[in-house]
Amino acid sequence: MVVKKIFNLALGRRLILFSTLLLLLFGTTSLAFAFTLPQHVSVGLYFSGTALTSCRLESKEGFLLGNVTDEGFSGTLPLPAYTVLIGTVEHDSLVLRDEDGVLISSDIGSRGCVMPADYETGGTIKIQEKEYRGGVIFKENSSDMLTVINYVSLEEYLYGVVHLEMSQSNPLEALKAQAVTARNFAAANLEKHSDLGFDLCNTTNCQVYGGCAAEYDSTNKAVDETAGLLIWSNKEPVAVYYHKNSGGHTQSIEDVWSYPQPHLIGVDDPHSPNYPWTATLTFDTIAQKLSQAGSDIGEVESLQITERNAAGAVSKLTIKGSKGTKMLEKEKIRTVFGTTLIRSRMFDFGSTYQGTALTVSLNLKGLTTQKAAGDTIYVMGASGKATALSKSSLYVSNGITKIASGEQANVNADTEIETSGTVVISGLGYGHGVGMSQDGAIQMAKDGFAFDDILEFYFTDIEIR
Ligand SMILES: [Zn+2]
């Protein structure tokens, strides 16, 4: 059941941060703090490597200069005559000038905020020619550059997030489920970037935020129809996770990262549509990736799935090399080789691949033969004479699948073939598997489930209010 509640929108960020820390440290949920959803968030747009030397602001109706406090924005200086302002850092001050370089403010301060004059009636501001709701806060970073921050209401921030996490063309109930998880993510990660002077960044590090350009009627409606709603577990709003496709069973969080959490328990997932994938890795690549991750095991000789978890995902992968053995556990299996290559841990390669089991297959006019790799290979012709083989007639196989053919098979003049092993991995699903499967949510919405049904299916024992 969804229990709707109007939130007291007073600031509760420190409590949230503290609660989040406690949750992270102890995984406990018996916290006695009253939680209040913040009204605004500050979102880093240009910071660190993307910090600016100057920032162009545009507003058709002019600007309102003011300050941001715990209570929100309060305007102090209307600037109706200007439609363009330029922010810069000059001698450790945050300076505003007009388009012609005329000084407007010699220091707006780090709590200073530039709003479009018509912000209360939905007016927007262009920051570096991209349109945003809310206003702008500048900070000077340690390299004397401008950190540019969008100060925006939490709900309007979500308008700019949902489509970038789940396409706006999907059914409304799935978008609503996404909107609630995005709100929970924001609530659980406020002050994540407090060292940089803002709450959340606009990249995949947090949630991708595109401002007005990412808004659609459907996703804005999904935010509006779930306004203020959060996922709660044991009396606290909780950190929630989602992924593209579970591959048939979602993962308990302790099987992916660290501590168990009562709302993040793997469930059998008949809703996620079939999402098959295949990845091909050479033993050389495997050795190289392991070396990059700090494990030099020499030449790879074999790899083996040594353990699966209750959800069926690979939890231990053991790689034997000429200089040692490395066992990868949990998400390391994906992160070491690349999470876009090893799309999920719901995979198999059928058997243990041994480098020495590599065979060379020759296929000449219907004649097929196999030999162990490394041997020199000859084909006897009808005349009894050993005949040189055409490179294009050769391919290299690991006994299950073709690896390379022709020139790519490293065939030298006397047809000696040298290659290393290759493993083909076949899997299902995409992502870490924790929490909501987005493909599953979309399928459930198509099948007539409401957003709260979807969330209650993927998150265990939660309340939505
Ligand atoms: Zn971030």
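Modeller: A residue is called buried if 20 or more other C-beta atoms lie within 10 Å of its own, exposed if 12 or fewer do, and partly exposed in between, with the C-beta atoms placed from the backbone. By that count, buried residues make up 44% of the 465 residues in the protein chain. The model is predicted: local features need pLDDT of at least 70 and side-chain atom pairs count only at pLDDT 80 or more, while totals for chains, interfaces and linings use all residues. Residues are numbered from 1 along each chain as its sequence is written.

Colleague: Why is Gly 66 called buried?

Modeller: Gly 66 has 20 other C-beta atoms within 10 Å, and the cut-off is 20 or more, so Gly 66 counts as buried. Gly 66 lies in strand S3 (residues 63-69). Helices (H or I, at least four residues) and strands (E, at least two) are DSSP runs, numbered from the N terminus.

Colleague: With which residues is Gly 66 in contact, leaving aside its neighbours within four places in sequence?

Modeller: Two residues are in contact if their C-beta atoms, placed from the backbone, lie within 7 Å. On that basis Gly 66 contacts Phe 73, Ser 74, Gly 75, Thr 76, Cys 113 and Met 115.

Colleague: How do you know that the span of helix H4 agrees with its length?

Modeller: The expected span is 1.5 Å times one less than the number of residues. For the 17 residues of H4 (residues 172-188) this gives 24 Å, and the end C-alpha atoms are 24 Å apart, so the two agree. H4 is also mostly covered, with 16 of its 17 residues buried.

Colleague: What makes the largest nonpolar core a core, and where does it lie?

Modeller: A nonpolar core is a set of buried Ala, Val, Leu, Ile, Met, Phe, Trp, Tyr and Cys residues joined through C-beta atoms within 7 Å. The largest has 84 residues, of which Val 136, Val 148, Ile 454 and Leu 455 touch the most other members. H4 gives the most to this core, ten residues. Domain 1 (13-40 + 156-246 + 435-464) and domain 2 (52-140) both contribute, so the core lies between them. The domain bounds come from an automatic or database domain assignment. Apart from this core lies another, of 24 residues, among them Leu 281, Leu 290, Leu 303 and Ile 425.

Colleague: Why are the buried residues of helix H6 said to line one face?

Modeller: In H6 (residues 283-292), Phe 283, Ile 286, Ala 287 and Leu 290 are buried. Seen down the axis, the buried residues of H6 fall within an arc of 100 degrees, so they line one face. The arc is that of the directions from the helix axis to the C-beta atoms. The face turned away from the buried side of H6 carries the exposed residues Gln 288 and Gln 292.

Colleague: Why are strands S18 and S19 called paired?

Modeller: Two strands pair if DSSP finds at least two bridges between them. Seven bridges join S18 to S19, so these antiparallel strands meet the cut-off. Arg 308 stands opposite Val 314 in S19. S19 and S20 pair in the antiparallel sense over five bridges and form a hairpin with three residues between them.

Colleague: What makes S17 and S21 edge strands?

Modeller: Strand S17 (276-282) and strand S21 (347-348) each pair on one side only. The open sheet of three strands has the order S17-S29-S21, with antiparallel pairing. S21 and strand S29 (residues 422-428) pair over two bridges, and at least two are required, so the pair counts.
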